[in-house]
Amino acid sequence: MMKDHEHYMSIALQLARECVAEDEVPIGCIIVDAGGVVIGRGRNRRERNLSALAHAEINATKEA
């Protein structure tokens, strides 16, 4: 069953909050499959990893 958008947004916001503790730009990203299952989660880790490729969206895509 598909969950509502507020549920998904709350997950992404929690990931963004985790960024603040690491002095990252607070961006969280999730990827959801057609059935409503979260299959990828990511948050910015650019500063921590010293990598321009460590964006939340890329991290979520890798996990998915």
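Helices (H or I, at least four residues) and strands (E, at least two) are taken here as DSSP runs, numbered from the N terminus. On this basis the protein chain has three helices and two strands, arranged along the sequence in the pattern α-β-β-α-α. The model is a predicted one, in which local features need pLDDT of at least 70 and side-chain atom pairs count only at pLDDT 80 or more, while totals for chains, interfaces and linings use all residues. Residues are numbered from 1 along each chain as its sequence is written, and side-chain values use heavy atoms, with hydrogens and water left out.

We may begin with the overall dimensions. The radius of gyration, taken over C-alpha atoms, can be set against a globule rule of 2.2 Å times the number of residues to the power 0.38. For 64 residues a compact globule would have a value near 11 Å, and the 12 Å of the protein chain agrees with this. Along the principal axes, the C-alpha atoms fill a box of roughly 40 × 20 × 10 Å. With contact meaning heavy atoms within 4.5 Å, residues 24 or more positions apart account for 33% of the contacts in the protein chain with a separation of 6 or more.

The surface comes next. Accessible areas come from the Shrake-Rupley method with a 1.4 Å probe, and for residues only the protein chains shown count as cover. The protein chain has an accessible surface of about 4,400 Å², and carbon and sulfur atoms contribute 57% of this. A residue is called buried under 20% relative accessible area, exposed over 50%, and partly exposed in between (1.4 Å probe, protein chains only). By these cut-offs, 28% of the 64 residues of the protein chain count as buried.

Helix α3 gives a pleasing view of how burial is laid out. This helix spans residues 56–63, and its buried residues are A56, N59 and A60. Viewed down the axis of α3, the buried residues fall within an arc of 100°, so they line one face of the helix; the arc is that of the directions from the helix axis to the C-beta atoms. T61 and K62 are exposed residues on the face of α3 turned away from its buried side. The cover over the buried residues of α3 includes β1 (28–32) and β2 (38–43).

Most residues other than glycine have a negative phi. With a relative accessibility of 66%, D23 counts as exposed. L50 also has a positive phi, near 50°, and sits in the loop between α2 (46–49) and α3. L50 counts as exposed because its relative accessibility is 76%.

The loop between β1 and β2 contains V37. This residue is partly exposed, at 46% relative accessibility. Leaving aside residues up to four places away in sequence, V37 touches I31 and V32. V37 and K62 are 25 residues apart along the chain, and their C-alpha atoms are separated by 16 Å. Finally, S10 belongs to helix α1 (residues 5–20) and, at 39% relative accessibility, counts as partly exposed. From S10 to G36 the separation is 26 residues in sequence and 14 Å in space, C-alpha to C-alpha.
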